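Me: I want the labels used for this model checked against their cut-offs. Please go through them one at a time.

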Amino acid sequence: METTPTALRRADLIDLADPGATDGSLVGAKAANLARARAAGLPVLAGLVLTTAWDHSGWSHPSRQDHPSSARTAWERLGAGERPLVVRSSSTNEDGGSSSMAGVFTSVLNVATWGDFTGAVDEVLASGSRAAVPGARMAVLIQPQLAPRWGGVLFGA
């Protein structure tokens, strides 16, 4: 299991290894479930979450792209282009006990540059707005991308 250099927790950016990452209202359901699995000792890929508390309004405008931000911190801590990233949705209303929302929100693969990263984060956030799910707030989960030989999905009740 990969780990980030040190656990990171702020109101707007949290490491999946932090105990507070199990709070679905802060990190969204997908990230919270991964944090719970990690806390239970399962091998979960490292990741950082731009939380529902993150003020993302106008963050990717070209005039602000070099300004220190939680998004820039996540980008730098997860490799800053040294390896591709995946930028994933983590809505407060997805992957719950009664619904999955599979395919409703966007995830972006092979994010390799800062420009691609800003676009990917914006795309994930926009997918939350387009879905028009009442009461849903969007967090953004960022993880290193793997090149698996095989994959699968497990559903359980």
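Me: Why is Ala80 called partly exposed?
Reply: The model is a predicted one. Ala80 has a relative accessibility of 38%. Buried would need a value under 20% and exposed a value over 50%, so Ala80 at 38% counts as partly exposed. Ala80 is placed in the loop between α2 (70-77) and β3 (85-91).

Me: Is Trp59 buried or exposed, and how do you know?
Reply: The relative accessibility of Trp59 is 5%. The limit for buried is under 20%, therefore Trp59 counts as buried. Trp59 sits in the loop between β2 (48-50) and α2.

Me: Why is the pair of Trp114 and Phe117 called stacked?
Reply: The centres lie 5.5 Å apart and the planes are at 25 degrees. The distance is within 6.5 Å and the angle is under 30 degrees, so the pair is stacked. Trp114 and Phe117 both belong to helix α3 and are 3 residues apart, about one turn of the helix. Trp114 is buried, as is Phe117. Trp75, Trp114 and Phe117 form one aromatic cluster.

Me: Where does the charged end of Arg72 sit?
Reply: The charged end of Arg72 sits over the ring of Trp114, 4.3 Å from the ring centre. The distance limit for this label is 6 Å, and 4.3 Å meets it.

Me: Which are the edge strands of the sheet, and what makes them so?
Reply: The sheet is open, has 5 strands in the order β1-β2-β5-β3-β4, and its pairing is antiparallel. β1 (13-15) and β4 are the edge strands, as each pairs on one side only. From one strand to the next the twist averages 25 degrees.

Me: How do you know that β3 and β5 pair?
Reply: Pairing needs at least two bridges, and 7 bridges join β3 to strand β5 (residues 138-144). The two strands run antiparallel. Val87 has Ile142 in β5 as its bridge partner.

Me: Which strands does α2 touch, and which does α3 touch?
Reply: α2 packs on the sheet and touches β1, β2, β3, β4 and β5. The direction of α2 makes about 165 degrees with that of β2. α3 also packs on the sheet, touching β2, β3, β4 and β5, and its direction makes about 140 degrees with that of β5.

Note on methods. Residues are numbered from 1 along each chain as its sequence is written. This is a predicted model: local features need pLDDT of at least 70, side-chain atom pairs count only at pLDDT 80 or more; totals for chains, interfaces and linings use all residues. Side-chain values use heavy atoms; hydrogens and water are left out. Helices (H or I, at least four residues) and strands (E, at least two) are DSSP runs, numbered from the N terminus. Buried means under 20% relative accessible area, exposed over 50%, partly exposed in between (1.4 Å probe, protein chains only). Rings of Phe, Tyr and Trp (its six-membered ring) pair if their centres lie within 6.5 Å; planes under 30 degrees apart count as stacked, over 60 as edge-to-face and the rest as tilted. A charge sits over a ring if NZ of Lys or CZ of Arg is within 6 Å of the ring centre and within 35 degrees of the ring normal. Axes are lines fitted to C-alpha atoms, for helices over the stretch in contact, and angles run from 0 to 180 degrees between N-to-C directions. Contact means heavy atoms within 4.5 Å.
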